[in-house]
Amino acid sequence: MLLGDVCSSSDLKKAISVSTPDCVFHLAALKHVDLAELDPYGTYEVNVEGTFKLLMASAGVRRFMLMSTDKSVFPAGLMGATKRMTELAVMSFARHYPKCDYSIVRSGNVIGTSGSALNRFVYQIENTHEVAVTHPGMARFFISNVELASLIICTMLGKNRKHGLSTSYIVDCGAPIRIVDVVRRIAAYVGKKVVVENPG
């Protein structure tokens with residue numbers, strides 16, 4: 001295993017030269033919406049510049065997969081906007097390196113990942129008397145980490161070759177689930193109940 005910085009061209013070139021991969025899975029990103037808004041330059045540097053540097057270092061591999069997000073569709077915040085820019089970068093490289101199969105996987109919220117709002121809800125329910133939900137009408141798509149990992153592997157093994165084009169996969173996460181309902185379910189699971197809801 002090699003540890004390095006996705007923003008460092010030398011680290012990326014070294015990783016590619018040492019491992020000589022056939023396939024590159026690009027999952028590195030600053031993915032937290034709130035942290036992205038607090039650090040716009042850092043988010044741009046990691047998500048956009050890091051992706052460009054990895055694409056350049058990976059020129060010549062057989063397959064390249066970018067992990068993206070449903071927040072890149074009509075992005076309302078910086079994280080979604082930078083991830084949309086990474087998708088456009090992959091599409092551009094697909095035109096310039098037609099011998100490589102480029103793919104983009106868009107997913108909803110992955111259950112069990114680090115920094116997940118679900119983990120925060122569990123902590124708040126177990127340790128405090130309040131759960132912070134930004135808006136009672138907010139709903140999100142969810143997928144398990146096992147389902148997503150299986151899809152990522154399938155995209156790399158599949159035969160979807162289109163010369164000069166990238167293939168985009170949009171994960172079917174089912175219907176969106178209201179966050180308030182998620183909180184209620186978590187509370188019931190740990191033996192507690194939501195007794196008061198503040199509409200504000």
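## Ground rules

The model is predicted, so local features need pLDDT of at least 70 and side-chain atom pairs count only at pLDDT 80 or more, while totals for chains, interfaces and linings use all residues. Residues are numbered from 1 along each chain as its sequence is written, and side-chain values use heavy atoms, with hydrogens and water left out.

Let's start with the open sheet, where four strands line up in the order 1-2-3-7 with parallel pairing. Strand 1 (23-26) and strand 7 (166-170) are the edge strands, each pairing on one side only. Strands here are DSSP runs of E with at least two residues, helices are runs of H or I with at least four, and both are numbered from the N terminus. Two strands pair if DSSP finds at least two bridges between them.

Strand 3 (residues 101-107) is joined to strand 7 by five bridges in the parallel sense. Ile-104 sits opposite Ser-168 of strand 7.

Helix 3 (residues 40-57) lies across strand 1, strand 2 (63-69) and strand 3, and runs at about 175° to strand 1. Such angles run from 0 to 180 degrees between N-to-C directions, with axes fitted to C-alpha atoms, for helices over the stretch in contact (heavy atoms within 4.5 Å).

Helix 3 also holds Met-56, which is exposed at a relative accessible area of 52%. Exposed means over 50%, buried under 20%, and partly exposed in between (1.4 Å probe, protein chains only).

## Thr-86

Beyond neighbours within four places in sequence, Thr-86 contacts Asn-47, Val-48, Thr-51 and Leu-66.
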